[in-house]
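Reader: I'd like to go through this two-chain model with you, one question at a time. Can we start once it's on the screen?

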Amino acid sequence: MRIEIIHEIASSLRNNKLRTALTGFAVSWGIFLLIALLGAGNGLMNSFMGNISEYISQSITVEGWRTSLPYAGYKEGRSIQLDQNDVKYTRSTRWEGIIENVVTTTPGKSVVLSLNGNTVSGWMPGVMPEYQEQEKMKMAFGRFLNRNDIREMRKVIVLSLAQAKELAPGKPESVLGRWINVAGIPFRVVGVYHTDERSFRRNCPIPYSTYKHAYDYSDKIDGINFSVNGLSTEAEFKALEAEYTGALKRMHSIDPQDRRGLWVNNGYTDNMQMNKATRMIRTALWILGLLTLISGIVGVSNIMLITVKERTHEFGIRKAIGAKPGAILRLIIAESVVITAVFGYLGMFLGMVACQVMDKTIGQNTVSIGMEEIRMLVNPSVGLDVALEATLLLIVAGTLAGIIPAWKAARVKPIEALRAE
Amino acid sequence: MALIELKELNKTYNNGQPLHVLKGINLSIERGEFVSIMGASGSGKSTLLNILGILDNYDTGTYTLDGTLIKDLTEKQSADYRNRMIGFIFQSFNLIGFKTAVENVELPLYYQGVPRRKRHELAMEYLEKLGLTPWASHFPNEMSGGQKQRVAIARALITHPRIILADEPTGALDSKTSVEVMQLLKQLNQEEGITIIVVTHESGVANETNKIIHIKDGIIGQIEENIHHDAWGGPLMK
C-alpha cells in the first residue's frame with residue numbers, strides 16, 4: 001500500500017466528520033465492551049477461584065472417611081482408619097515406577113498455642129517434609145520441617161502467618177526461634193508460612209516422628225499422599241484412582257460402590273478440571289465479547305455501504321480519469337481498516353481505563369462467603385496477549401467490514417457512477 | 001492512419017425494450033482536429049461520446065484509437081487506456097468536492113503512480129498555464145463555473161492524452177464564460193495541436209470548431225467543414 005492512500009483516506013475522513021464519528025463509535029463501543037467484559041471476567045475469576053491452581057498440589061491424597069453403605073456384615077456409618085498396611089500396599093511392586101514419594105500424615109490434633117499470654121487455636125498434624133509441597137505452603141519466614149527434624153524427633157513447629165500475628169501482634173517475624181507452649185509442651189518455631197488474605201489457615205505441623213512419639217504409638221495414619229509418574233490424560237488418572245481405591249476398599253471391607261468410605265483428593269484431575277473450567281469461562285466471555293464486536297463490525301459495514309452509495313459519483317469521476325477497480329477496492333478497505341483500527345484502539349484504551357475504574361471502585365467491595373471475606377474483583381485486567389489479539393482482530397474486522405461495500409463500489413460501471421447523484 | 005477510426009459501430013440498450021441507439025457509425029478523425037458532434041437530445045451523441053471515451057462498450061463494429069483496437073476490454077484495461085489516452089471535460093465539471101483545485105488536477109497522475117512531489121509540481125504548472133495559480137488551494141465550491149471548468153481542463157491535459165473529449169463543456173456556464181472556455185479549447189488546439197472532440201446541441205458552440213459532425217437518430221448525417229469561423233470571428237450564439 002502506498003503512503004498516498006493515507007492522504008486520500010485522511011482527506012475523505014476529514015470531510016465526513018459526522019459519518020466518521022458515528023462509524024468509529026460503533027467499533028469503539030464493541031471493543032470497549034469486549035475489553036471491559038474480559039477484564040471483569042478475569043477479575044471475578046481471580047477473586048473466586050484465586051490462583052487456585054497454584055494451591056492445587058500435583059499429587060493424590062487419600063484419607064479414611066465414613067461409609068455410607070452396609071457391606072460384608074458391617075453397618076453403614078463406620079469410620080475408616082488407614083494404617084501402615086495401606087502404606088505397604090501403596091509401596092508394593094504393583095505401583096513401582098508409577099507411584100512415587102509416598103508420604104503419610106498422622107491424624108491431627110486440635111491444640112491451643114500460647115506465647116507471652118497470647119493464645120491461638122491450631123490443628124496440629126505430624127507430617128513429613130513433603131507436606132509443604134502437598135499443601136502448597138509458601139514460607140514467609142524461616143524454613144519448613146526437614147529430614148533432620150524427623151530423624152531426631154525434634155520438638156519444632158511451623159505456624160501459619162495468621163497464627164504468628166495472633167501470638168506476636170505487630171511483629172509476627174519475632175516468633176521465629178521462640179519456644180511456644182503447645183498444649184503444655186514447649187515447641188520451637190522454625191518457620192512461618194504465608195496465609196493469603198482470603199483465608200485463615202490453622203494448620204501448624206510438627207515432625208511425623210515427634211507426633212508419633214509424643215501422642216500416638218499406633219500405626220494409624222490420617223492420610224497417604226503420593227505423586228504419580230508417567231500419566232498424562234484425565235482418563236488415565238481416573239483409571240489409576242479407581243484401581244488404587246478399589247484395592248484399599250477391599251482391604252477395609254468397603255462396598256466398591258460406596259463413594260464415602262475413602263476421601264480422595266486427586267490434585268492432577270482437579271487441576272485439569274479447573275483449567276478446563278477456566279478455559280470454558282474465558283471462551284464464553286470471548287464469545288460474548290465477539291458477538292458485541294460483530295454488531296460493531298456490522299455497523300461499520302453498514303455505514304461504509306451508505307458511504308459507497310453517497311460517493312458513487314465520486315468513484316465514477318475517479319474511474320473516468322483512470323482509477324482501476326482494484327484502486328477503488330483498496331481505498332474503501334483501507335478506509336474501513338483505518339477507521340476500525342483507530343477507533344478500536346480508542347475503545348481498547350477506554351476499556352482498560354474502565355477495568356482500572358472497576359478495580360478502584362466495585363472491585364474493593366468485599367463479599368462474605370462463609371467464613372471468608374473476599375474482594376469482588378481481584379486485578380480485573382486483560383493481558384498484553386489479549387490486547388495484541390484484539391489488535392489483530394480489529395484489522396480483520398476492518399477488512400471484513402470493508403469487503404462488501406468495497407466490492408460494490410469497485411463493480412459499478414463508470415458511466416452509471418457518473419450519472420449517479 | 002486516422003487517430004480515431006469507427007467502422008459500422010452499433011449499440012443497442014436492452015432496458016426492457018431494446019433501443020437501437022447507434023446504427024452503424026462510420027467516422028474517422030485525424031490527429032490535431034477540432035471537431036464537434038452535434039445533434040438533438042436522443043440522437044445518440046452522448047452514447048457515441050461515451051464509447052469514444054471507453055466509458056461504455058459497443059455491440060458490433062470496430063473502434064480504433066491511435067492504432068489500438070478498443071474492444072472487449074477488462075475494467076482494468078479500460079481504466080488504463082482512459083488514464084493514458086483520454087482527457088474528459090464534463091458539463092458539470094465533475095471535480096471532487098473535498099479536494100482542492102490542485103489535488104483534483106493531480107488525481108490522474110496519482111492513478112499513474114507518479115510521486116506526490118512530481119505530481120504537485122506538474123499540477124501547479126498546468127494551473128499556472130490556465131491562470132489559476134491563486135486558486136490552487138481553493139475547493140471547487142469556492143470557485144466560479146468558469147474557474148471550475150478551467151480546473152477540469154487542466155486535469156484533462158495533465159496526462160498528455162491523445163484526445164480531449166468535451167461533453168457539453170459550456171452547458172453550465174453563462175454566455176461570456178462559454179466564449180472564454182471555447183476560446184481556450186480553440187487555443188489549445190491551435191497552439192499545441194491537441195485533438196479535441198466537443199459534443200453539443202448548441203450550434204453556437206459547434207460553430208467554434210473546425211468540423212461539425214451532425215448526428216441524427218443514430219446515424220452520421222452531414223459533415224460540415226467550418227474552416228472560416230475564425231475569419232468571421234462573430235460572437236458565440238447562445
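Reader: Of the contacts in chain A between residues at least 6 apart in sequence, what percentage join residues at least 24 apart?
Author: This is a predicted model, in which local features need pLDDT of at least 70 and side-chain atom pairs count only at pLDDT 80 or more, while totals for chains, interfaces and linings use all residues. Residues are numbered from 1 along each chain as its sequence is written, and chains are lettered from A and ligands numbered from 1 in the order in which they are written. A contact here is two residues whose C-beta atoms, placed from the backbone, lie within 7 Å. Among chain A contacts between residues at least 6 apart, the share joining residues at least 24 apart is 80%.

Reader: And what is that share in chain B?
Author: Again we take contacts between residues at least 6 apart in sequence. In chain B, the part of them that joins residues at least 24 apart is 68%.

Reader: What percentage of chain B counts as buried?
Author: A residue is buried if 20 or more other C-beta atoms lie within 10 Å of its own, exposed if 12 or fewer, and partly exposed in between, with C-beta atoms placed from the backbone. For the 421 residues of chain A, the buried share is 38%. For the 238 residues of chain B, that share is 46%.

Reader: Which helix of chain B gives the most to the side that touches chain A?
Author: The contact takes 16 residues from chain A and 20 residues from chain B. Helices (DSSP runs of H or I, at least four residues) and strands (runs of E, at least two) are numbered from the N terminus. On the chain B side, helix 2 (75-85) and helix 3 (101-110) each supply at least two residues. The top contributor, with six residues, is helix 2 of chain B.

Reader: How many charged residues sit on that side of chain B?
Author: Ala, Val, Leu, Ile, Met, Phe, Trp, Tyr, Cys and Pro count as nonpolar, Asp, Glu, Lys and Arg as charged, and the others, Gly among them, as polar. By those classes, the side of chain B touching chain A has nine nonpolar and three polar residues, and its charged residues number eight.

Reader: Which residue is the bridge partner of B:Ile212?
Author: Strand 9 (residues 211-216) and strand 10 of chain B run antiparallel and are joined by five bridges. In strand 10, the partner of B:Ile212 is B:Glu224.

Reader: Are helix 3 and helix 5 of chain B roughly parallel or roughly antiparallel?
Author: Axes are lines fitted to C-alpha atoms, for helices over the stretch in contact, and angles run from 0 to 180 degrees between N-to-C directions. Helix 3 and helix 5 (residues 145-157) of chain B pack at about 25°, their axes 7 Å apart. Angles under 35 degrees count as roughly parallel, over 145 as roughly antiparallel, 65 to 115 as roughly perpendicular and the rest as oblique. So helix 3 of chain B is, relative to helix 5 of chain B, roughly parallel.

Reader: Which residues of helix 5 meet helix 3 in chain B?
Author: Helix 3 of chain B brings B:Ala101, B:Asn104, B:Val105, B:Leu107 and B:Pro108 to this contact. Facing them from helix 5 of chain B are B:Val151, B:Ala154 and B:Arg155.

Note on methods
Two strands pair if DSSP finds at least two bridges between them.
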